[in-house]
Amino acid sequence: MSDSLDQIFIHAKLWLLSWLTGLPEWAVQTASALINIFALLAVFLTLFALISVLERKILGRIQNRYGPNRVGPFGLFQPIADGIKMLIKEDIVPARADKVVHFLAPVLIAATALLALGVIPYGRNMTPFVIDGGILFFFAVGSTTELAVFMAGWGSNNKFSMLGAMRAIAQMFSYELPLIITVLPVVMIVSSLTPDTIVAAQNGYVFGFMPRWFAFTPWGATGFILFFVSGLVESNRTPFDVPEGESEIVAGHMTEYSGFKYATFFMAEYIGMFAISGLAVTLFLGGWHSPVRALEVVPSYIWFFIKLSILLFVYIWVRGTLPRTRIDQIMNFAWKFMLPMAFTCIIAAAVWHYAERGLRGWLWSFVVIATVYTALSILLDTRRKFARRTYRFAE
Amino acid sequence: MNSAAFIVIAIFTLAAALSAATLPKLMHAALSFAVAFVGVAAFFFLLGAEFVGLVLVFVYIGAVAVLIVFTILLTRRDIEKDRGFNWAGVVVAVAVFGGLGWAIFKTNSISIAAPQIEPLTVKRIGELLMTSYIWPLQCVGLLLTAALIGALVLVMEEKR
């Protein structure tokens, strides 16, 4: 019973494909790919609509106000109203803009964001596109985003846009390094770049109750935190939203976009956030495995989406809590702290592996990480004490 | 199926490369250059060399193309100016094409019917890189680290 519930979507797809028996091989393959694409789009665009209203609700709660509550019950139909508004808005293209590049930038950014979703295992046998180097595909596609952001900034022919694009590319490049390097220990330990193999390697329990997720090893926990912070930067979220800080440069590279093109950028940003959280779940949080053995009857995809929603909630929580950082602080943090810590993760993972992956390895890799962390915090301490802020004109 | 895909990708890549060579605006040329890279990566995918294709996208679109557009952005102020036909470029292009063609036709080991080889998986590439080719890999790593440090030294603020 639970097994058939677990595989219900697979069976549904096979049932749909059974209508096509007798057609040539390539037609069936195309149909199969199209079903996957439609499923992905349906799920994640719905999730985008949901999260856009939930984010405003949660932010409202954090800031002690109601949030959207006019459209439908509890304001839940807000995304529909927003969507209609975005669709009927006038699409303004600046007269001096580079029309082709200006048009192609949102298309490219949305396409790359959606492509990245394709390699994540959402449940048992539920990877839309199994690619041998799936992790590499994810980052290869993700690195194209920078070009799209540049196209948006350059094509708009606007100072704010260009400045925003420069800031975005600078911080995305800097954080892509720790992002990829924190993935390396997982790839090393599993010795595979395929997301399904990485999920399969996190099956089972240590001591009979603790799931064998990489987030429960010292190097995995550190790597997960580093990955999460880098993911925050990659998706341009607060506290790392200088590329589109409203109070400084209007909306960064999206300044000259209006109507549906702006909505496309907005969507791409959220889809990128889903993709990077999905990869974090896959790499460190055991993918679609359940955390407790007794709850393994719950279908695998439900576990995946529970973990994904927890991560997304933390994203929103961070946005509601932390103020925006300065660009030099972001850069210093990337190169002086994140990068050395990411390299330490590799060494700690190697130590864990060669100490037979048991309790001894756990302790040794913890020692490695604690040593480097302490050394870094002593080294980077600027001895600047918190002082009471003095205002010249206010008070 | 495969030959049809080959023709489509070839037309796509050649069109992108041609527009990279002929478009009047330098930025457009650079962007179509990136599109040509996508075409080449698609060739590698078609040939079953996924890893090479992915690395091509990763390095050439994610890094090299961004580097090119940034160099254009930061250096030339007169990018819109028409400079007339560049004959020196033609000479260099023909020379490179001739040299490559000559080298390919002189090579004896290329046979038209490719021998059946086992598929080159990412795992095998990784194992080979970590065993047989460990020293070249280390040398490349050293070189790249040196380049990184050199770049940092170049942009470092001078202490007074």
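**Exercise 1. State what share of the residues in chain A is buried, and describe the overall build of the chain.**

Solution.
Step 1. Of the 395 residues in chain A, 42% are buried. The model is a predicted one.
Step 2. The secondary structure of chain A consists of 14 helices and 2 strands.
Step 3. The C-alpha trace of chain A spans about 65 × 65 × 40 Å along its principal axes.
Step 4. A compact globule with 395 residues would have a radius of gyration near 21 Å; the value for chain A is 23 Å, which agrees.
Step 5. Among the contacts in chain A with a separation of 6 or more, 74% join residues 24 or more positions apart.

**Exercise 2. Determine how helix H3 of chain A and helix H12 of chain A are oriented, and name the residues that meet.**

Solution.
Step 1. Two packed helices are described by the angle between their axes and the distance between the axes.
Step 2. Helix H3 (residues 25-62) of chain A packs against helix H12 (residues 300-321) of chain A at an angle of about 45 degrees, and their axes are 10 Å apart.
Step 3. Angles under 35 degrees count as roughly parallel and those from 65 to 115 as roughly perpendicular. H3(A) and H12(A) are therefore oblique to each other.
Step 4. H3(A) and H12(A) form a right-handed crossing.
Step 5. From H3(A), the residues A:Ile51, A:Glu55, A:Ile58, A:Leu59 and A:Ile62 meet A:Leu312, A:Ile316, A:Arg319 and A:Gly320 in H12(A).
Step 6. Sorted by class, this contact of H3(A) with H12(A) has 6 nonpolar, 1 polar and 2 charged residues.

**Exercise 3. Carry out the corresponding analysis for helix H9 of chain A and helix H13 of chain A.**

Solution.
Step 1. Helix H9 (residues 218-234) of chain A and helix H13 (residues 327-354) of chain A pack with their axes 9 Å apart, at an angle of about 155 degrees.
Step 2. Angles over 145 degrees count as roughly antiparallel, so H9(A) is roughly antiparallel to H13(A).
Step 3. The crossing of H9(A) and H13(A) is left-handed.
Step 4. H9(A) contributes residues including A:Trp219 and A:Leu226 to the contact, while H13(A) contributes, among others, A:Met338, A:Cys345 and A:Trp352.
Step 5. The contact of H9(A) with H13(A) has 10 nonpolar, 3 polar and no charged residues.

**Exercise 4. Describe the side of chain A that touches chain B.**

Solution.
Step 1. In chain A, 19 residues are in contact with 18 residues of chain B.
Step 2. Helix H6 (residues 134-155) of chain A supplies the largest share of this side of chain A, 11 residues.
Step 3. By class, the side of chain A that touches chain B has 13 nonpolar, 4 polar and 2 charged residues.

Conventions: Residues numbered from 1 in each chain as written. Chains lettered and ligands numbered in written order. Predicted model: local features only at pLDDT ≥ 70, side-chain atom pairs only at ≥ 80, totals over all residues. Axes fitted to C-alpha atoms, helices over the stretch in contact; angles between N-to-C directions. Helix = DSSP H or I, 4+ residues; strand = E, 2+ residues; numbered from the N terminus. Left-handed = near helix turned anticlockwise from the far one by under 90°. Contact = placed C-beta atoms within 7 Å. Nonpolar A, V, L, I, M, F, W, Y, C, P; charged D, E, K, R; others polar. Rg over C-alpha atoms; globule rule 2.2 N^0.38 Å. Buried ≥ 20, exposed ≤ 12 C-beta atoms within 10 Å, placed from the backbone.
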